[in-house]
Amino acid sequence: MQQLSPAKWRPSLAQVVASVFALLLCLPIAGLLLLNFYSKQLVQQTEESLIAQAAVLSAQFSEMFVQAGGDPRIGHLMPRELWPDPDNRYRPVLPSLYPHSAAILPPRADGQPAIRPPHPVFARIGTALSATAERAQNRTLAAYQIIDPFGRVIGGTGEVGYSFAHVPEVARALSGHPASVLRYRAPVTPLPPVWSISRRSDMRVFFALPVTVDTRVIGAIYVSRTPGNVFEFAYRERRILLQAGLFVVLASLLIGFVFWRFITRPLYGLIDTSERIAERGRPSIVPLDHYGTREVAQLGNSFLRMADTVHRHADATQTFTRHVTHELKTPITAILGAVELLQDQGDTMSVAQRQRFLDNIAQDGARMNRLLADLRHLAAAKQDTGAARADLPTSVQEIASRFDNLQIRQQGAPAPLPLSQDNLTIVLAHLAENAAQHGAQMLEIAQSPDGRTLTIRDDGTGISPENRSRVFDPFFTTRQTSGGTGMGLSIVAEIIRAAGGDIALVPSQTGAVFDIRFP
């Protein structure tokens, strides 16, 4: 059997549906990845907040230093490229941290004891700013260190009196450059339960901003804070998230049930029905109990109609073959018998006897020729006429020239018919011949105003009631003794049906009336 599709791997419907469900279940994971991305944005938001707080404290530090009459020469000279620009007073410090494993430094080293006490001016400034830092810490949760130009902590929220000169970001700030770093938090012992979720981030943002007066660095503001963590929020709202996850699972199961009920199950049912039809034939052509969707129902109905049409064609072919064999067998047998008699006794026969046998052979041969011609017409009638359009007056004129003893009249405004011109002529010729054989003198062809219906009426003897149901059957004839093949009306019916139309014998008082309707 010819293979209709190439043999290659194709996923099953169940695999496709399972893949869709798996992707659906992966949506929460994608949401967590987005949350992780948002947590990285929180780092920069924290850095931005620390920059703003440090800038305020830095401005307050430098203002207090000037008011206290401090000598800027105590500080360090900034690099020339960092000197204030009289034409541009704005030198913004923008967030620069982006957390990834290579950019996170170890925890900050502890402060070292200072060798010397700070200058009295810095000591007073540190004491004053400590009160501000402590009040700010209650709101911001940040740590503040006020540092003099030598790295000593002169005030803030902790480690006052210690030196941070060895801390890289502080050293960079004392050279005149703002510095931001991201460090791991110092480990807590013992670790609390669910450490990675319940606590805030395991990282801490540190920012050091130089305090300047003119071209000198007189100190630094060192601030730090732990950024927010979306997983901390997730832990706090774990019940809601659990409910959301349960909802996703239930929604996936519901979608799975809908897919199975309305798509997968009907399709597998159609597959099973097609296999049963292939094995058992027509008895298996039964509709499914559940089709699911309108489209699947249309597919199933179309499939069942196609299967029924295929089996009807197979039955018709078998019946047609049996009829053809039977119809051809009689004249062939007669011809072979006549030839055999002529071969055996031809020399002893009279001229009249030989002529009679020859006439029988000619008549049977002519009958076979007519039968074969009708079979060719029937085969052509089964072909689709496509978009052909036939002109009724043309075929009527041709039929009128063939039947001199039959008066043919046409009524109604003619409209194109969905037939080829030859097929329309064949239809009218067989109907005219049928009328003439039943003694008709007149044949009337009327077309409806919409052009979709033809009514063919004759004034012959008509068709007897017992034969009305069989007039379109192949090989049915009441004129077999006079050479009839019983194919005429069968050919007419096949031509009309191939064009999508239908023909019916309409009851009438006199003659025969045929109605032909096109869609």
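Modeller: A residue counts as buried under 20% relative accessible area, as exposed over 50%, and as partly exposed in between. By that scale, in this predicted model, glutamate 159 is partly exposed because its relative accessibility is 28%. Glutamate 159 sits in the loop that links β5 (153-156) with β6 (162-163), and its phi is near 60°, a positive value in a residue that is not glycine. Such a value deserves a remark because most residues other than glycine have a negative phi.

Aspartate 214 also has a phi near 60°, again positive in a residue other than glycine, and it is placed in the loop between β8 (203-213) and β9 (216-225). With a relative accessibility of 58%, aspartate 214 counts as exposed.

Turning to a further loop, serine 420 lies between β10 (407-411) and α10 and, at 25% relative accessibility, is partly exposed. The C-alpha atom of serine 420 is 8.8 Å from that of aspartate 391, although the two residues are 29 apart along the chain. Helix α10 (residues 421-437) packs against helix α9 (residues 392-402) at an angle of about 45°, with the axes 9 Å apart, and therefore α9 is oblique to α10. Their crossing is right-handed.

Elsewhere, Leu254, Phe257, Val258, Trp260, Phe262 and Ile263 make a nonpolar surface patch of about 540 Å². Phenylalanine 262 belongs to helix α6 (residues 238-280), and its relative accessible area of 33% makes it partly exposed.

Definitions and conventions. Residues numbered from 1 in each chain as written. Predicted model: local features only at pLDDT ≥ 70, side-chain atom pairs only at ≥ 80, totals over all residues. Heavy atoms only, no water. Patch = residues over 30% accessible without salt bridge, like charges linked within 9 Å, V, L, I, M, F, W, Y side chains within 5 Å. Areas by Shrake-Rupley, 256 points an atom, 1.4 Å probe, with all protein chains shown as cover. Salt bridge = Lys/Arg side-chain N within 4 Å of Asp/Glu carboxyl O. Helix = DSSP H or I, 4+ residues; strand = E, 2+ residues; numbered from the N terminus. Buried < 20%, exposed > 50% of the residue type's maximum accessible area, 1.4 Å probe, protein only. Axes fitted to C-alpha atoms, helices over the stretch in contact; angles between N-to-C directions. Parallel < 35°, antiparallel > 145°, perpendicular 65-115°, else oblique. Left-handed = near helix turned anticlockwise from the far one by under 90°.
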